[in-house]
Amino acid sequence: MVTNVTNLSRSGLYDWMAQRVSAVLLAAYVLFLLGYLIFNPGLTYADWQGLFSQNWMRIFSLLTLVALSVHSWVGMWTISTDYLTPMAVGKSATVVRFLFQVVCGLTMFVLFVWGVQIFWGI
């Protein structure tokens, strides 16, 4: 059995479940925003700001941002372990895979912090 310290939960089942649950939350957020846009055709900046200034919307947005981070990490980890193999990139596959995962992780962290700053105005 191959173990890797960079996967999310050390279990394929939990990673699979995290991917599915996060996808449902992302879909709910997108559908909510689409519905809001459809049912408010004359949307102004003040209306949009009013929606995102409410705490329930900020929390919903924060949960969606967490779901996006989990979803993207599981996806990128899966891609790196499936495609960055010794057959694909040579003997240095472990180093290349690790560097790829570090870059993905740092990028996701920066984008997460930036998203929190946007939604919460910090």
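Visitor: In which helix is the place of phenylalanine 112?
Guide: The model is predicted: local features need pLDDT of at least 70, side-chain atom pairs count only at pLDDT 80 or more, and totals for chains, interfaces and linings use all residues. Residues are numbered from 1 along each chain as its sequence is written, and side-chain values use heavy atoms, with hydrogens and water left out. Helices are DSSP runs of H or I with at least four residues, and strands are runs of E with at least two, numbered from the N terminus. Phenylalanine 112 sits in helix H5.

Visitor: Is phenylalanine 112 buried, partly exposed or exposed?
Guide: Buried means under 20% relative accessible area, exposed means over 50%, and partly exposed is in between (1.4 Å probe, protein chains only). Phenylalanine 112 has 23% relative accessibility, so this residue counts as partly exposed.

Visitor: Which residues is phenylalanine 112 in contact with, leaving aside its neighbours within four places in sequence?
Guide: Contact means heavy atoms within 4.5 Å. The C-alpha atom of phenylalanine 112 is 8.9 Å from that of leucine 68, 44 residues apart along the chain. Beyond neighbours within four places in sequence, the contacts of phenylalanine 112 are Leu62, Leu65, Val66 and Ser69.

Visitor: Which residues does methionine 108 contact, leaving aside neighbours within four places in sequence?
Guide: Methionine 108 also lies in helix H5, residues 93-120. Its relative accessible area is 16%, so methionine 108 is buried. With neighbours within four places in sequence set aside, methionine 108 touches Ser69, Ser72, Trp73 and Met76.

Visitor: How many Å separate the C-alpha atoms of valine 103 and proline 86?
Guide: Valine 103 is placed in helix H5. Valine 103 counts as exposed because its relative accessibility is 52%. In sequence, valine 103 and proline 86 are 17 residues apart; C-alpha to C-alpha, they are separated by 20 Å.

Visitor: Which spans does the UniProt annotation "transmembrane region" cover?
Guide: UniProt positions follow the numbering used here, feature names are shortened, and annotations may be inferred rather than shown by experiment. In the model, residues 21-39 are 100% helix and 0% strand, with end C-alpha atoms 27 Å apart. Residues 59-77 are 100% helix and 0% strand, and their end C-alpha atoms lie 27 Å apart. The unreviewed UniProt entry gives "transmembrane region" to residues 21-39, 59-77 and 98-120.

Visitor: Is glutamine 19 buried or exposed?
Guide: Glutamine 19 belongs to helix H1, residues 12-39. With neighbours within four places in sequence set aside, its contacts are Val70, His71, Val74 and Gly75. The relative accessibility of glutamine 19 is 15%, so glutamine 19 counts as buried.

Visitor: Is tyrosine 83 buried or exposed?
Guide: An unreviewed UniProt entry places the feature "binding site" at Tyr83. Tyrosine 83 is in helix H3, residues 55-83. At 57% relative accessibility, tyrosine 83 is therefore classed as exposed.

Visitor: Which residues does tyrosine 36 contact, leaving aside neighbours within four places in sequence?
Guide: Tyr36 is one of the residues of that core. Setting aside neighbours within four places in sequence, tyrosine 36 is in contact with Leu43, Asp47, Trp48 and Leu51.

Visitor: Is isoleucine 38 buried or exposed?
Guide: Isoleucine 38 is part of helix H1. Its relative accessible area is 63%, so isoleucine 38 is exposed.

Conventions. Core = buried A, V, L, I, M, F, W, Y, C linked by side-chain atoms within 4.5 Å.
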